[in-house]
Every structure is written in C-alpha cells, then in structure tokens.
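Try each task before reading its solution.

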Amino acid sequence: MADFDSLFARWRPRTVSQLASIALACLGFVASAAVHADNAAPASVTPIDNSGIHIKTTTLSAPPATGGTAATRVPPAVNATPGQVVVSGKVPDEATRTAVLTRLRDTYGAANIVDQIEVGSVATPPNWSTNVQKLIGPQLKQISKGQLKIDGTQIDVKGEVGNEAQRQQIASDMANALNPTYTIRNGLHVSASEQGVLDSTLANRTIAFETGSATLTPQGRAILDQLAAVIAKMPNNSFEIIGHTDNSGSRASNIALSQARADAVKGYLVTKGIAPQSMTTMGAGPDQPIASNDTDEGRARNRRIEFRVGK
C-alpha cells in the first residue's frame, strides 16, 4: 500500500445545537484491527459514491442538545507538517479528550499527534467516547488520500483503498463495532494504482514473438505501443520486464530465450521514447509458471512477458 498522503476532515458546528465531533487530519500516513459490536445489531452503512453496493441504509435521528456551545478549552492554531496527525473538533469533557488522544497516540505514536481538540458544552450520544475510540485504530492505515469525520452518530469515511474487498471490509468492521444509532457513510473507492493501470492495459494479452525466437510479431508490437503510451505517463517510476517460458526443452535454453525476449521488449520500448535507464530485464525461463504445463492452453499462458512497476 502506498504511503498515506492525507486523511482530512473538518468539524462543522451546528448553528442551533452542537454535537460532539472528532476530525482527523493526517499527513504522511496511510489511514483496522478486528473490533466487536457493543450489541447484536451493527450500525448501518450507506455508500455515498458509485463504486459500491448498499449494505444497509437507515434514517439517522440526531441526539438532543444538552447545553450551550461555549468552549472551555480552545487550543492554539498549528500548522501540520508531513508525518503528523492533527485531531480537531469539540468534545464534552477532558476525560473524553484524554481518551481520544491516548487512542491516537497508541495508534500513530505520541510524537506524531497534534492536539487541536476543544472542550465545551456539546451533546453526546450514550457511550460516545467509547464508540469513537473503536473507530480510531490500525484500520485507518488502510486508507490513503482519505477523510474521517465523526460528528455525533454520523460517521463519514472517504479515500482510496487497494481493492473492493478492502473497501467493503473497512466499512463493515466499523459498522460491527457500533450500535444501530450510528450511520456510516462509506465514501471509500478503489484506487487506480500504477501497477493496476499497467495490468489493465495489458489485459491478460500475450506479447507474441516468432516461434522459438525473440522477434516480436506485429501483434506483439501493437500491444507494446499501447503500453508505451501508458508508461510514458509514469516518468518517475522504474519498470522490471520479466520474460517467462513454458517447460518445453531445456531449462538453460528457456532462460536464455526468456532473457532475450525481455531485452527485445525493452529495446522496442526505447524506440518509443521510454528511457532505457528506467527499465531492467530478467529471464525467468520456466521457473514461475502461472498455469499447468500439461496442456497447450497452460503452456501458452506461461509464455509471457510480465511488467512490474517500481519507484
């Protein structure tokens, strides 16, 4: 998973009655441990983008106000620096503030936490502090470029995750940690990683060579033309080109052939403007099959060129 770029959310006061809220702003982190529900029924999860499936939706009723809005602790403003976690918002008492800060320091390290929490008269649902602490933990490190806002019983989580299963699991874990009075708005989406972009461009197609040689076929060159256009948009990356064969013939000759084919692919990409120093090659021969060599179809799948994106 890539390093966390930002986890950012702002607390917004209600004009009539304020709810207790916590917002995290993290720079330099990628923002889940197993958690357990506090009763048999979990919170509801509502996707708020077009990338997921409705898990469960319910109407949220805001808790009643319990007092005025004057703050008794207002921390000074700070400028966040990369690698720090800034926590802001308003909580009802010093005990809640301390509990939240302790949880954050346990998760990210005490030196990385910048305290911007206000203490004042705000409404709190039952066991609010305990529920907030359930949401602050290692699960946040799976999210990049994200936001987390806990406003009363409304949880908003946004950002990028590595895959669809992770997107749904994070929201599900959060829901299972909380009771039905909480609603989670799942705005997570699957990131389009550079490796993923390259893989989708190749789309399981075979870069073909003339039989028994390292000469690219016209079809193989056409695929590489498309890959070159994608690689050109990743100028700060390095790429490993790995040649593979089936197990027909001797291992030594297959390794030599796979190396020659990887070198041929690199050479062709250089003619398309890709910097040679950004690419390395390796011939793996028959040593890394992805299918059985007992069938023609399996052997065809094993004869392939693999691209790996580095940094």
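**Exercise 1. A loop proline**

Is proline 235 buried or exposed?

Solution. This is a predicted model, in which local features need pLDDT of at least 70, side-chain atom pairs count only at pLDDT 80 or more, and totals for chains, interfaces and linings use all residues. Residues are numbered from 1 along each chain as its sequence is written, and side-chain values use heavy atoms, with hydrogens and water left out.

- Step 1: Find proline 235 in the loop between α5 and β10 (239-244). Helices (H or I, at least four residues) and strands (E, at least two) are DSSP runs, numbered from the N terminus.
- Step 2: Recall the classes: buried means under 20% relative accessible area, exposed over 50%, and partly exposed in between (1.4 Å probe, protein chains only).
- Step 3: Proline 235 has 66% relative accessibility, so it counts as exposed.
- Step 4: Now look across to alanine 275, which is 40 residues away along the chain, with a C-alpha separation of 8.7 Å from proline 235.

**Exercise 2. The whole chain**

How many helices and strands are there in the chain, and what percentage of the residues is buried?

Solution. 

- Step 1: Counting the elements gives 7 helices and 12 strands.
- Step 2: Of the 311 residues in the chain, 45% are buried.
- Step 3: The accessible surface of the chain is about 15,000 Å², and carbon and sulfur atoms hold 52% of that surface. Such areas come from the Shrake-Rupley method with a 1.4 Å probe; for residues, only the protein chains shown count as cover.

**Exercise 3. Two helices side by side**

How do the axes of α1 and α2 cross, and which residues make the contact?

Solution. 

- Step 1: Take helix α1 (residues 94-108) and helix α2 (residues 128-135): their axes come within 10 Å and cross at roughly 15°. Axes are lines fitted to C-alpha atoms, for helices over the stretch in contact, and angles run from 0 to 180 degrees between N-to-C directions.
- Step 2: The angle makes α1 roughly parallel to α2. Angles under 35 degrees count as roughly parallel, over 145 as roughly antiparallel, 65 to 115 as roughly perpendicular and the rest as oblique.
- Step 3: The crossing of α1 with α2 is right-handed. A crossing is right-handed if the near helix is turned clockwise from the far one by less than a right angle, and left-handed if anticlockwise.
- Step 4: α1 brings Thr96, Ala99, Val100 and Arg103 to the contact, and α2 brings Trp128, Ser129, Val132 and Gln133. Contact means heavy atoms within 4.5 Å.
- Step 5: Sorted by class, the contact of α1 with α2 has 4 nonpolar, 3 polar and 1 charged residues. Ala, Val, Leu, Ile, Met, Phe, Trp, Tyr, Cys and Pro count as nonpolar, Asp, Glu, Lys and Arg as charged, and the others, Gly among them, as polar.

**Exercise 4. A positive phi**

Solution. 

- Step 1: Most residues other than glycine have a negative phi.
- Step 2: Asparagine 127 has a positive phi of about 55°, although it is not a glycine.
- Step 3: Asparagine 127 sits in the loop between β6 (113-120) and α2, and with a relative accessible area of 58% asparagine 127 is exposed.
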